[in-house]
Amino acid sequence: MQLQDLLYGVSIKSLTGKPNQEVAVLAFDSRQVKPDTLFFAVKGTVVDGHQYIDQTIDAGATVIICETLPATLVEDVTYVEVQNSSVALGIVASNFYGNPSSKLKLIGITGTNGKTTIATLLFQLFRELGYNVGLISTVQNHINDEIIPATHTTPNPIALNSLLQDMVKAKCEYGFMEVSSHAVVQHRIAGLTFAGGVFSNITHDHLDFHKTFDSYLKAKKEFFDNLPKSSFALTNADDKNGMVMLQNTKASKKTYALKQMADFKAKIIENKFSGLNLNVDDIDVFFKMVGSFNAYNLLAAYGTAILLGEDKLNVLTILSTLAGAEGRFDYTVSKQGIIGIVDYAHTPDAVQNVLSTIANIRKGTEQVITVLGCGGDRDKTKRPIMAQVASDWSDKVILTSDNPRTENPQEIIAEMEKGVSPTNQRKTLSILDRKEAIKTACHIAKPGDIILVAGKGHEKYQEINGVRHHFDDKEVLTEQLNLIN
């Protein structure tokens with residue numbers, strides 16, 4: 001493909017060389033450069049791609065897109081100077097793959113909690129409605145019934161547009177994707193055309209990356225600010241920042257809520273371990289999913305489907321049969337009657353949502369035992385808050401390791417322990433080994449008790465010093481419950 005066609009829509013400061021240069025490969029990682037590659041010199045959080053320009057030319061790069069031109073320009077290499085290489089990467093990647101997002105109805109879901117469940121519900125719903133559908137999520141990516149492993153909540157622009165092109169080739173009419181705040185700030189979604197955007201909620205998370213809550217909020221809002229006039233923006237009106245998302249959007253503004261008037265309204269009639277009984281737009285429906293947080297997720301999926309022109313009764317009928325995403329309030333019951341729940345909750349608000357749901361359902365005599373860890377190399381400020389929430393809402397808490405990554409897991413637990421009040425210390429213990437922590441929870445549980453294992457959900461690994469070891473919370477929990485006589 002010729003460079004001049006790839007540059008359509010890119011804001012160019014200068015171009016030195018041949019605009020008709022043929023490009024066969026796109027790369028922003030110097031290790032992936034081959035002959036006839038267009039290399040993007042991107043200033044990352046750790047590495048600046050400008051340092052590798054000479055190396056990429058030696059490897060066969062014939063076009064360089066950069067923010068700062070090298071001191072010496074190599075003959076027969078075309079240099080394109082731009083304001084922001086990350087933005088250019090998104091736009092060029094979209095052009096390279098034939099602008100696939102414009103050839104299907106792409107819906108982006110953003111927020112702190114609920115993204116995966118809403119996206120998964122929509123994927124399952126539209127498959128059941130008979131459509132060819134794509135899904136891009138934290139758990140896994142799908143093209144119809146084909147499963148493609150997920151490495152990031154939102155892939156890099158090259159991988160993302162390649163995946164969207166595969167969806168178009170598979171005749172997908174719809175694509176549902178999680179849009180992380182990182183992806184917005186890093187311009188991974190630059191160049192994409194969205195038919196709609198959905199906001200779930202925003203709470204304390206990712207402050208290691210965004211530094212302040214205000215910056216985190218602005219990252220979420222930026223997604224809605226950039227939606228086209230032809231799209232819709234659906235927001236949770238019950239979230240205190242929900243309406244902020246709609247302030248500057250050109251998209252059609254729509255709301256959903258449980259507690260106030262909204263375009264899509266629901267009321268919880270009954271909430272128990274077997275499911276949720278909701279009144280949705282004056283229709284009573286029983287859903288398999290549990291908890292008020294899932295009432296919001298179901299309502300967001302319902303509203304999105306109606307905005308996409310689907311029939312209300314068809315949508316509610318199918319949604320009532322769906323189980324949501326793996327590792328989200330995923331529960332099992334042992335033969336002794338002990339209830340084990342695995343949930344991805346890894347923020348203070350998510351932990352409180354799950355535990356408050358359990359509190360609303362429990363009869364009052366059983367214990368709630370929570371096993372909780374916090375990830376390493378991530379937002380440290382939420383660690384004591386998560387421990388505080390868990391100990392306030394549980395009868396017993398076991399603090400343990402999550403994915404320590406490159407951090408010392410004992411130090412992570414020590415930071416969590418700072419959030420446990422003196423009155424809660426008697427019901428809290430720390431066990432470094434996650435399997436031992438889950439095993440201990442199972443052995444102190446009595447029939448009827450509820451064990452929550454929070455933090456990892458669908459993940460099938462534990463990352464320690466850069467190495468991923470097989471670890472599945474539900475597998476360990478089920479195994480340990482089955483060992484109890």
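Modeller: Strand 15 (residues 275-280) and strand 16 (residues 283-287) run antiparallel and are joined by 5 bridges. The model is a predicted one, and what follows is to be read accordingly. Within this pairing, Asn279 has Asp284 of strand 16 as its bridge partner. The two strands form a hairpin with 2 residues between them, and here Asp281 adopts a positive phi near 45 degrees.

A parallel pairing is found in another part of the chain. Strands of a sheet pair through backbone hydrogen bonds, and the sense may be parallel or antiparallel. Strand 3 (residues 37-40) and strand 4 (residues 61-66) are paired in the parallel sense over 4 bridges, and Phe39 stands opposite Ile64 in strand 4. These strands belong to an open sheet of 5 strands, ordered 1-5-4-3-2, in which the pairing is mixed. Its edges are formed by strand 1 (12-16) and strand 2 (25-27); each of these has a single partner strand, so one side of each lacks a neighbour in the sheet. On average, and with direction ignored, neighbouring strands of this sheet are turned by 15 degrees against each other.

Helix 3 (residues 85-96) packs on this sheet and touches strand 2, strand 3, strand 4 and strand 5 (78-82). The direction of the helix makes about 150 degrees with that of strand 3. Asn95 lies in helix 3, and its relative accessible area of 7% counts as buried because it falls below the 20% limit. Leaving aside residues up to four places away in sequence, Asn95 touches Met1, Asp5, Leu6, Leu7 and Tyr8. Asn95 and Leu192 are 97 residues apart along the chain, yet their C-alpha atoms are separated by 9.8 Å.

Cysteines may be considered next. Cys66 is buried at 0% relative accessibility, and Cys172 is likewise buried, with a relative accessible area of 4%. A search of the whole structure finds 0 disulfides.

A pair of aromatic rings is described by the distance of the centres and the angle of the planes. The structure holds 13 such pairs. One of them joins Tyr174 and Phe176, which are stacked, with 6.2 Å centre to centre and 5 degrees between the planes. Tyr174 is buried at 4% relative accessibility, and Phe176 is buried at 0%. Phe199 and Phe224 present another arrangement: their ring centres are 6.4 Å apart and their planes stand at 80 degrees, so the pair is edge-to-face. Because Phe199 lies in strand 11 (residues 196-199) and Phe224 in helix 8 (residues 213-225), the pair ties together parts that are 25 residues apart in sequence. Both Phe199 and Phe224 are buried. Tyr174 and Phe176 also belong, together with Phe126 and Tyr131, to one aromatic cluster.

Finally, the ring of Tyr461 has charged residues over its face. Lys456 lies there at 5.0 Å from the ring centre, and Arg468 lies over the face of Tyr461 at 3.8 Å from the ring centre.

Definitions and conventions:
Residues numbered from 1 in each chain as written. Predicted model: local features only at pLDDT ≥ 70, side-chain atom pairs only at ≥ 80, totals over all residues. Heavy atoms only, no water. Pairing = 2+ DSSP bridges. Axes fitted to C-alpha atoms, helices over the stretch in contact; angles between N-to-C directions. Contact = heavy atoms within 4.5 Å. Disulfide = S-S within 2.5 Å. Buried < 20%, exposed > 50% of the residue type's maximum accessible area, 1.4 Å probe, protein only. Phe/Tyr/Trp six-rings, centres within 6.5 Å; stacked < 30°, edge-to-face > 60°. Lys NZ or Arg CZ within 6 Å of the ring centre and 35° of its normal.
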